[in-house]
Amino acid sequence: MSETKLSYRVATKMLETAEFEKALGVELVTVDDGFAKLRMEVTDMMKNGHGTCQGGAIFSFADAAFAIACNSRNVATVAGACDITFVKPAFVGDVLTATASEKYIKGRNGIYDILVVNQKFESVAFFTGKSVAVKGTVIDEESE
């Protein structure tokens with residue numbers, strides 16, 4: 001991963017300022033145009049009333065990968081819609097990976113698929129996000 005590549009600089013900036021993702025321990029694995037892979041270890045604070053991790057923390061993790069992928073070209077982008085299907089709970093100590101890939105982009109709109117898996121490569125959740133570009137950029141390329 002080239003630290004000078006624009007997609008890397010955008011992802012780094014986004015994660016530096018994302019306090020919730022910091023609290024979750026989200027880490028960047030790799031990024032490229034329209035693509036992002038993040039890592040997160042499930043902690044006690046992510047457990048629900050059943051003692052598993054399913055729901056909010058998983059959604060937020062998948063959404064972070066979606067955000068990094070759809071902003072990777074330094075076009076300010078927000079979620080227009082998203083849908084998630086939880087297929088398997090995660091457990092404390094699991095190391096999750098969220099991989100977001102662009103499936104379609106035209107004009108201001110994009111569609112992204114995000115797969116969340118555990119360390120055994122078992123699917124935990126499927127997330128689809130629809131992005132909408134807004135005015136502006138994530139970083140000022142000239143000052144970065």
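Visitor: Why does Asn74 count as buried?

Guide: The relative accessibility of Asn74 is 2%, and buried means under 20% relative accessible area (over 50% is exposed and anything in between partly exposed, with a 1.4 Å probe and protein chains only), so Asn74 counts as buried. This is a predicted model, in which local features need pLDDT of at least 70 and side-chain atom pairs count only at pLDDT 80 or more, while totals for chains, interfaces and linings use all residues. Residues are numbered from 1 along each chain as its sequence is written, and side-chain values use heavy atoms, with hydrogens and water left out.

Visitor: What is said of the phi of Asn74, and where is Asn74 found?

Guide: Asn74 has a positive phi of about 65 degrees although it is not a glycine, and its place is the loop between H3 and E3, where H marks helices (H or I, at least four residues) and E marks strands (at least two), both being DSSP runs numbered from the N terminus. As background, most residues other than glycine have a negative phi.

Visitor: Is Phe121 buried or exposed, and how do you know?

Guide: Phe121 has a relative accessible area of 73%, so Phe121 is exposed. Its phi is near 65 degrees, again a positive value in a residue other than glycine, and Phe121 is found in the loop between E5 and E6, a hairpin with five residues between the strands.

Visitor: Why does Ile58 count as buried, and which residues does Ile58 touch?

Guide: Ile58 counts as buried because its relative accessibility is 0%. Leaving out residues up to four places away in sequence, Ile58 touches Cys53, Ile84, Phe86, Ala90, Leu96, Val116, Val124 and Ala125, contact meaning heavy atoms within 4.5 Å.

Visitor: How do you know that H3 reaches a length close to the expected one?

Guide: H3, residues 56–70, has 15 residues and reaches 21 Å from its first C-alpha to its last, which is close to the 21 Å expected at 1.5 Å a residue; the expected span is 1.5 Å times one less than the number of residues. H3 is also mostly covered, with 11 of its 15 residues buried, among them Ala57, Ser60, Phe61 and Phe66.

Visitor: Which residues touch the most other members of the largest nonpolar core?

Guide: A nonpolar core is a set of buried Ala, Val, Leu, Ile, Met, Phe, Trp, Tyr and Cys residues joined through side-chain atoms within 4.5 Å. Of the 36 residues in the largest one, Ile58, Phe61, Leu96, Ile114 and Val116 touch the most other members. The elements that give two or more residues to this core are H1, E2, H3, E4, E5 and E6, and H3 gives the most, with 10 residues.

Visitor: What makes E1 and E3 edge strands?

Guide: Two strands pair if DSSP finds at least two bridges between them. Six strands form an open sheet in the order E1-E2-E4-E5-E6-E3, with antiparallel pairing. Strand E1 (27–32) and strand E3 (77–86) each pair on one side only, and these are the edge strands. E3 is joined to E6 by nine bridges, and Ala79 stands opposite Ser131 in E6.

Visitor: How do you know that E5 and E6 are paired?

Guide: E5 and E6 have nine bridges in the antiparallel sense, and the definition asks for at least two, so E5 and E6 count as paired. Within this pairing, Val116 has Ala125 in E6 as its bridge partner. E4 and E5 likewise pair in the antiparallel sense over nine bridges, with Asn109 in E5 as the bridge partner of Lys106.

Visitor: Why is the pair of Phe66 and Phe127 called tilted?

Guide: A search of the whole structure finds three aromatic pairs, a pair being rings of Phe, Tyr or Trp (its six-membered ring) whose centres lie within 6.5 Å, with planes under 30 degrees apart called stacked, over 60 edge-to-face and the rest tilted. The rings of Phe66 and Phe127 have centres 5.8 Å apart and planes at 50 degrees, so the pair is tilted. This pair links distant parts of the chain, Phe66 in helix H3 and Phe127 in strand E6, 61 residues apart.
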